[in-house]
Amino acid sequence: MACLVPPMYDARPIQRSKPQKTYPLLQDRYERICAISRCTSNSIYLYRDIAETTGRKVVLKKPNRAVLLDQAAYNTVGKLLAVEGRALSRINHSGVVSLISQGDGYLLLEYVHGKNLHDNKRSMSESAKLKAMLSLCDALSAVHAAGIIHRDIKPANVVYNVSSTLLDFGCAKGDGLITESESAENGGVTDYYGKAAFVGTIDFCPPENSSPSDVGKQSDLFSAGGVLYYLLTGNAPYECKDDDDIYGRKLVTENDIASKVPRKFLPVLSKALQPLPENRHQSAAEMKEDLLRIGL
Ligand SMILES: Nc1ncnc2c1ncn2[C@@H]1O[C@H](COP(=O)(O)OP(=O)(O)O)[C@@H](O)[C@H]1O
Ligand SMILES: [Mg+2]
């Protein structure tokens with residue numbers, strides 16, 4: 001297979017003892033500190049801005065090395081990073097990670113201090129969990145007001161430290177997030193995932209995600225309910241976690257929820273996790289009102 005390594009990338013392994021400069025386009029300004037995360041498509045690195053006297057920390061998100069070596073994979077992951085950058089450039093809110101700059105196959109992001117809600121849940125008090133959800137609602141209001149549906153709200157995509165910051169807009173849907181030429185390449189779709197059977201993360205996506213074009217802001221609110229359920233129980237809101245059976249999963253019922261979470265959370269969770277979008281909260285502000293009724 002053809003080896004595709006864009007000239008900006010340096011595929012050398014990280015040497016933790018000696019931060020090395022990579023990305024010739026960025027090297028005059030940023031120095032690598034460490035890797036933060038690696039998944040099947042992307043790697044996330046922490047960098048220091050050496051051009052600023054403050055040494056501000058920033059985050060580089062780029063395709064991982066396996067993707068860089070596979071042209072087809074790079075084409076897809078690179079486009080999803082471009083979609084993510086375009087979505088972020090439309091939102092200016094303290095609860096959404098800020099985009100510093102965007103280049104061919106990479107994003108440079110504000111460093112968000114804290115832990116994601118997947119790693120953080122055990123150390124959080126009930127009141128911290130509620131604060132995380134209230135600020136997540138504020139972030140979602142800003143996202144939806146910008147005409148964007150996130151489609152991958154889940155604990156690992158929210159960093160918490162006093163309040164929540166939403167990350168990872170690689171699955172975002174919204175007008176103009178893909179260019180006309182990308183759309184033409186993809187058979188005329190206006191959503192990069194246009195004809196995909198499923199978008200997002202199975203454990204937290206709503207039932208209507210089996211038809212991605214039906215996914216709207218109520219779908220993000222379902223997933224936000226899934227985040228709250230996870231923070232309170234340690235589990236996603238589906239009983240079956242069989243990855244091969246997206247459509248046969250059993251969503252938790254009101255009785256299941258009542259038996260697993262403190263009573264005061266039942267009204268907000270039973271509404272957020274309704275199978276039909278029309279029976280859920282219709283806006284993040286409405287979900288926030290329900291959360292505020294719980295009291296800190
Ligand atoms: N800007 C950031 N500041 C701090 N941590 C981050 C930042 N971006 C990502 N992370 C960390 O890296 C993890 C993966 O990032 P994410 O954007 O979700 O990438 P992926 O597409 O691989 O899921 C997150 O769960 C979070 O812990
Ligand atoms: Mg993610």
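**View 1. Three strands, E6, E7 and E8, form an open sheet in the predicted model.** The strands lie in the order E6-E7-E8, and their pairing is antiparallel. Strand E6 (115-116) and strand E8 (163-166) are the edge strands, each pairing on one side only. Four bridges join strand E7 (residues 158-161) to E8, in the antiparallel sense. One residue pair to locate in this view is Tyr160 and its bridge partner in E8, Ser164.

**View 2. Strand E5 pairs with E3 and with E4.** E5 covers residues 106-110, and four of its five residues are buried, so that the strand is mostly covered. Strand E3 (residues 57-63) runs antiparallel to E5, with four bridges between them. Strand E4 (residues 99-103) is likewise antiparallel to E5 over four bridges. Leu109 in E5 stands opposite Val59 and is also the bridge partner of Leu99. E4 and E5 make a hairpin with two residues between them. Gly105, in the turn of this hairpin, has a positive phi of about 80 degrees.

**View 3. The shell around ligand 1 holds 19 residues.** Ser37, Cys39, Val59, Val112 and Asp168 come nearest to the ligand. Strand E1 (30-38), strand E2 (42-49), E3 and E5 are the elements that give two or more residues to this shell. By residue class, the shell divides into 11 nonpolar, five polar and three charged residues. Domain 1 (24-110) and domain 2 (115-294) each supply at least three of the shell residues.

**View 4. Asp168 and Arg151 are loop residues with positive phi.** Asp168 lies in the loop between E8 and helix H5 (180-185). The phi of Asp168 is near 60 degrees, a positive value in a residue other than glycine. Arg151 is found in the loop between helix H4 (126-145) and E7. Arg151 is not a glycine either, yet has a positive phi of about 70 degrees. With 25 other C-beta atoms within 10 Å, Arg151 is buried.

**View 5. The largest nonpolar core has 70 residues.** Leu136, Ala224 and Val227 have the most contacts inside this core. The core draws at least three residues from each of domain 1 (24-110) and domain 2 (115-294). Beyond its neighbours within four places in sequence, Ala224 is in contact with Leu136, Leu140, Ile153, Ala272 and Met287.

**View 6. Asn279 sits in the loop between helix H8 (266-272) and helix H9 (284-294).** Asn279 is exposed, because 12 other C-beta atoms lie within 10 Å. Gln218 is 61 residues from Asn279 along the chain, and the C-alpha atoms of the two are separated by 9.2 Å.

**View 7. The protein chain as a whole has nine helices and eight strands.** This overview sets the close-ups in context. Of its 296 residues, 40% count as buried. Among contacts in the chain with a separation of 6 or more, 56% are between residues 24 or more positions apart.

Conventions: Residues numbered from 1 in each chain as written. Chains lettered and ligands numbered in written order. Predicted model: local features only at pLDDT ≥ 70, side-chain atom pairs only at ≥ 80, totals over all residues. Buried ≥ 20, exposed ≤ 12 C-beta atoms within 10 Å, placed from the backbone. Contact = placed C-beta atoms within 7 Å. Core = buried A, V, L, I, M, F, W, Y, C linked by C-beta atoms within 7 Å. Domains from an automatic or database assignment. Pairing = 2+ DSSP bridges. Near = placed C-beta within 6 Å. Nonpolar A, V, L, I, M, F, W, Y, C, P; charged D, E, K, R; others polar.
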